[in-house]
Amino acid sequence: MRPNCHSLPSDPWQQGGRRRRLQEVFSGYDIERWPISVPPHPDEPLRSWVRRLSYRYGLTPRQLNQALGLPQDSQRNPLTVLLEGAQDASAALGVDPRDIAQNLPADNKWRPDLAACFYPDAGFYPDTGRFCPQCLAEDSTWRLEWESRWSLACPRHHTLYQSRCPSCGQRPWRSRSWYSQSAASHQCTERQRTDPSPARRRVRSWCLGDLRLAPEVPASPDLLAAQDTIRDRFADTSTHQGGTESFGPFTLDPTSANDLLATLLREAIRYYEPQRGGVGLPERVLLAYHAFLDLHVWEDEAPALDELLGSDNVHRLLHPSTCTDAALGEPVILAWYINRHRGRLSYRMQLACRTERAAPSLPAQSREAWEPLPATLVEHGSEPARPPAEWIPQLMPPQVLALPWASDPLGRALGSMCFLNLGRGNPWSHAAVELGLPRRLQHHVAGRLRRVHQRQWSDLLRSMEDYFNQLLHDPPPINYRARRLVANDPLLLQTLLAEQLGTETNTPLAVLRLVFWEQYTGGHALFAPPRIAIGQNADPGPAYPNLREDALQQCHEGFEHLAEELDQRAEILLAPGTRVEPP
């Protein structure tokens, strides 16, 4: 107490435009420290302590702020007002509210985007409506652990948390009415939804129901174990650094594994509909946890994952732009679905997803439809998702792929189209145009694939994956795409050939041009561009093989010099920042 020797004001209860703290004894001493001390519990949130403190003094939380001389605003949260005036309040109460407010459940700091998923209709405080009736019966104190987004059952009493008043059926702390009534912490201060009094009232009466009388529902041991695991994972990611977890072909760091679990939890909570009599929230969270364990095992039989995401989502995988299930865009879940349903995918879609790869995925152009789809996994980010067109000649080299058809020029051309579509899944006509092949070959490849047995197709896919891995370690020195583009000019080829080889051979210039085009682009005379091909329907005739051999023997050195000159022209044509479409 301090001496009070100032002169009396005209209004002894008003000074400086605000109400005095508690009481001033004029011509005596001012009482600065309030007489009743209400210490907070170690695991108590600020709202519970303020509620107990105000009830001890017979005030509402708003009246408590008024008695402390803090500014009043009916539109603001009383706790926010108290924290802003914490310096004055701590001197009067002996407790600094800021020390209590800084205590938050650790797992609430991780993935804040999931906060609204639990209680989308919560309103004032979305994470503070759960309580244990038995804990409230012990000391009428709310616990900080009840505010954890992943706490669903009391670990001491092994009962499910309740979130509704047994009297009025409303969620605790849902509105500002909990700060407008002086009541014990275990009493509900919501307004009654329907006033039971016979007289008509403009304001509905208070509920004042006893939350300790809420039903006690036992929690299963599986739910308690899942809750402990989830809270331990999300509590502090820094404590899990250094280890890895295996999910089939994937090896995930702790952050990626937690992100996978959070995706499953969000998918489970998204379909939680308590107002429609659906499955309860604890059951949905437990289902997500079991689905997470199914991915650890990585087997075709995954009942929890089937129930959570549906047992048949192949059609949604094929059309990601129209699908709203973000969980299917998660790379680990997506790879599991592709592995399980690969036999139901078309051959072109199996090429697109690379089903023979250890970690299959959607083609690159389809990934943009998923939001989000992290490209941080080592299995997907350490190598290209598809072989570039620059590595692929018009005719695949013989004995490279396990072709399920004859290895003639047509069969090798179809093999190049299949290899180009690895990781793409584009229409066959697009692949034919990119390789400079006639568009009509789209019908040939589609017809042949319909007659290929699944075992032969699997062998072809494995040979393409092996060849792709070989090219990744030893890329070809030739840019076949650039050569196809620069060699599409017959006038340029004819001029350069005449300058280089005009006096070295008696072979017709048109034949020389076609032979050089084959050697330069890795193509075949049957699939040469119309301006370069000779003969009817691009068929050079029966004499062409002999002419071709003669030209290769006589002009081999000249062809090499001409190829070097055209490669220089191709570098200029395909300079960075330019995009030249195939002929």
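## E549 and its partner

In this predicted model, E549 is partly exposed, with a relative accessible area of 39%, where partly exposed lies between buried (under 20% relative accessible area) and exposed (over 50%), as found with a 1.4 Å probe on protein chains only. E549 forms a salt bridge with R548, and their closest N and O atoms are 3.9 Å apart; the term stands for a side-chain nitrogen of Lys or Arg within 4 Å of a carboxyl oxygen of Asp or Glu. R548 is partly exposed, at 22%.

## Other salt bridges

By this rule the count comes to 18 salt bridges. One of them joins the side chains of R233 and E245 at 2.7 Å, N to O. Because R233 lies in helix α8 (residues 221–235) and E245 in strand β6 (residues 245–247), the pair ties together parts that are twelve residues apart in sequence; helices (H or I, at least four residues) and strands (E, at least two) are DSSP runs, numbered from the N terminus. R233 counts as buried at 13% relative accessibility, and E245 counts as buried at 17%.

## Surroundings of L471

L471, in helix α20 (residues 454–473), is buried, with a relative accessible area of 6%. Leaving aside residues up to four places away in sequence, L471 touches W391, F419 and P476, a contact being heavy atoms within 4.5 Å. The C-alpha atoms of L471 and W391 are separated by 8.1 Å, although these residues are 80 residues apart along the chain.

## Basis of the values

Residues are numbered from 1 along each chain as its sequence is written, and side-chain values use heavy atoms, with hydrogens and water left out. Because the model is predicted, local features need pLDDT of at least 70 and side-chain atom pairs count only at pLDDT 80 or more, whereas totals for chains, interfaces and linings use all residues.
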